[in-house]
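Subject: the model we talked about

Hi,

Here is the structure I promised to pass on. Have a look at it first, and my notes follow below.

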There are 2 protein chains.
Amino acid sequence: MNQLRELIGRIEGIDSTWVGMAWERQNCLTKPPGSLGLLEDIACRVAGIQKTLTPCVDRKRMVVFAADHGVTEEGVSPYPAEVTAQMVANFLRGGAAINAFARIAHAEVVVVDIGVKSPIPKVEDSQASVRFIQNPIRPGTRNFAQELALTEQETLDAILLGSKLACEAKEDEISLIGLGEMGIGNTTTAAAISAGLTGRSSAVVTGRGTGADDSIFALKQSIVDGAVRRHAARDAFSLLRAFGGLEIAGLVGLCLGAAVARIPIVIDGFITASAAALAVGMCPRAKEYMFAGHLSTEPGHRALLEFLEIRPILNLGMRLGEGTGAALAMNVIEAAVRGFVEMATFESAGVSDKQEVAKGVSR
Amino acid sequence: MNQLRELIGRIEGIDSTWVGMAWERQNCLTKPPGSLGLLEDIACRVAGIQKTLTPCVDRKRMVVFAADHGVTEEGVSPYPAEVTAQMVANFLRGGAAINAFARIAHAEVVVVDIGVKSPIPKVEDSQASVRFIQNPIRPGTRNFAQELALTEQETLDAILLGSKLACEAKEDEISLIGLGEMGIGNTTTAAAISAGLTGRSSAVVTGRGTGADDSIFALKQSIVDGAVRRHAARDAFSLLRAFGGLEIAGLVGLCLGAAVARIPIVIDGFITASAAALAVGMCPRAKEYMFAGHLSTEPGHRALLEFLEIRPILNLGMRLGEGTGAALAMNVIEAAVRGFVEMATFESAGVSDKQEVAKGVSR
């Protein structure tokens, strides 16, 4: 626990002086002030994170943690748990949605086996652009409907692996990190975390995940409800230990480590938002480094973004996970930042500003 | 008018057979069906437009029409009319928001002077990536608060210039066109068109544009209201002639020409949406080729998208125009299309589909 406390102690807030100077520049650019909406906030916050008036997010990396969930034994997902391992192989071959979207965002993809239970199918034709890190903490979590999902040490190990990957990203001069995940059953885990963390009822935060039918959905709700009732503790670490999953713990560490490294991160959907919310639960300042890529249709995602008070960038009716919403939003963040850096000012472009009207035009 | 009728007569609808086949493929890709939300619709519609299961939107072009508006004589904008010409020079130097966003979308920029009144400042350091077409139909429209903005011939000439540019895009193998515009005063014009076309009151469709204060805003509303009352005609061509502007007429022609050329187009904000709505008023089938890049905060934009029944891709609180929202949305459209083409199917990736659960898992 000392390592976690030490990690959190190294997180500083973003720099409000640079944010203020960025807003001054923002208001001189050749556009009516405010006319780029959310993009103006994004650019100024990145300036505050990077402490510069020439912020840059051109080196992007998606970190996709994969792990299994013991709670799938209860039958909470219509897909078999083997799909986690099969999808990891699909990521390595470059055939998944996240691969296509990462290519468009010019983002590297790092896939991390932090606890996949089934053997990962051998991939002959792996993509050179995809890096694979195999560091399973254990073969999936324990079934949180029956017992605690993780030991304290397993939880810590997974968090520290995530923070180490943030540290490596810093060494690789990565300027924007996207959060991704894969784990059959993990919407059940995220629902339990969300209910525990926000105090909202399990009915509000539990959704259908990857297509649960009515009977699976009812079962899922009752399992989340029972688990949240049993685990009274509301602090972030206890919730993470109680429900898992290993990929969520890795993401928590990545969020905390990115804040230490002053790298902005992009949350994806429900699962990554549950990790971000846990990280903020452990260290509120970590939030200043977070952008929300999109709003998914999974109901708990909205509850978590409201809890985090972060406005999502995109709202496209997506609910795929993998990091797809984060990868898509990276282009918007890059546009915000490049617009801020590359645009001319009224003065440099010789464009008449609004103020001149008061002097020059009588009506 | 025969040329316009002939142009409209050449527009065919998109191909529903290809759309249907695209949905079949969409449902085999390694993701839960429907989990990519709006992106799935986008990809299938582009497949129907291009008549292929390997759609492609990798060659993109922003076409930015610039023109002045006689109605600025009434004092409807806080910026002097000279800003239109000054911003054209800014576009040519690559210093505007649309330049930065087009670079991120890997889109060419074509700037068209279709009726700028003030002399365009000489640009020594113009960007090689920006093409400039000088073809002013006349030096701005007439003041529609006093008289008809355009003659029938001027209106036609501007429309035909736009359709010619769509034809050229086809020859250049452009696969996605974004609509852009610049014209001080043009939110007043677009408000008059919107009220005339949708039947909504001028109070609903008139906004503050590029930062009108209360007195300018009140004046603007009363001018729109008076103009709409005077011009009883509700057909698209009459409205365009009555209110202008030349850039809007050019955009109408571009929309119609793109539909003939079977090139998907991306609407930007309020001004380009007014042009798209006029084009649909002239030929309802043209709508099948249109995507709405974003929802701007200008109130008339929402009214027009509701009239068009097109769901916007982005909603970022933007109200800049120039084509900025369209350029940003191009990345999302490309992600939708490339995801569709590049993703593996459940079968090709060896990933277990949901159906197998019914067989293999008992609970």
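To get you oriented: which residue of β4(A) is the bridge partner of F65(A)? It's E181(A). Helices (H or I, at least four residues) and strands (E, at least two) are DSSP runs here, numbered from the N terminus.

Before the rest, some housekeeping. This is a predicted model, where local features need pLDDT of at least 70 and side-chain atom pairs count only at pLDDT 80 or more, while totals for chains, interfaces and linings use all residues. Residues are numbered from 1 along each chain as its sequence is written, chains are lettered from A and ligands numbered from 1 in the order in which they are written, and side-chain values use heavy atoms, with hydrogens and water left out.

Chain A

Seven strands make an open sheet with parallel pairing, in the order β3-β2-β1-β4-β5-β6-β7 (chain A). Two strands count as paired if DSSP finds at least two bridges between them. At the edges sit β3 (130-134) and β7 (312-314) of chain A, each pairing on one side only. On average, neighbouring strands of this sheet are turned by 30 degrees against each other, direction ignored.

Two helices lie across strands of chain A. Helix α6 (residues 152-171) of chain A lies across β1, β2 (107-115), β3 and β4, at about 165 degrees to β1(A). Helix α12 (residues 270-282) of chain A lies across β4, β5 (265-267) and β6 (290-294), at about 120 degrees to β4(A). For these, contact means heavy atoms within 4.5 Å; axes are lines fitted to C-alpha atoms (for helices, over the stretch in contact), and angles run from 0 to 180 degrees between N-to-C directions.

Chain B

Chain B has an open, parallel sheet of seven strands in the order β3-β2-β1-β4-β5-β6-β7. What I'd look at there is β1(B): eight of its eight residues are buried, so the strand is largely enclosed by the rest of the structure. (Buried is under 20% relative accessible area, exposed is over 50%, and partly exposed is in between, with a 1.4 Å probe and protein chains only.) K60(B), M62(B), V64(B) and A66(B) point one way, and R61(B), V63(B), F65(B) and A67(B) the other. β1(B) pairs in parallel with β2(B) over eight bridges, and K60(B) has A107(B) as its partner there. Seven bridges join β1(B) to β4(B), also in parallel, with A66(B) partnered by M182(B).

Then there's helix α9 (residues 214-230) of chain B. Its buried residues are I216(B), F217(B), K220(B), I223(B), V224(B), A227(B) and V228(B).

Last one: the axes of α1 (residues 2-9) and α11 (residues 246-260) of chain B come within 9 Å and cross at roughly 45 degrees. L4(B), L7(B) and I8(B) of α1(B) make the contact with L256(B), G257(B) and V260(B) of α11(B).

Cheers
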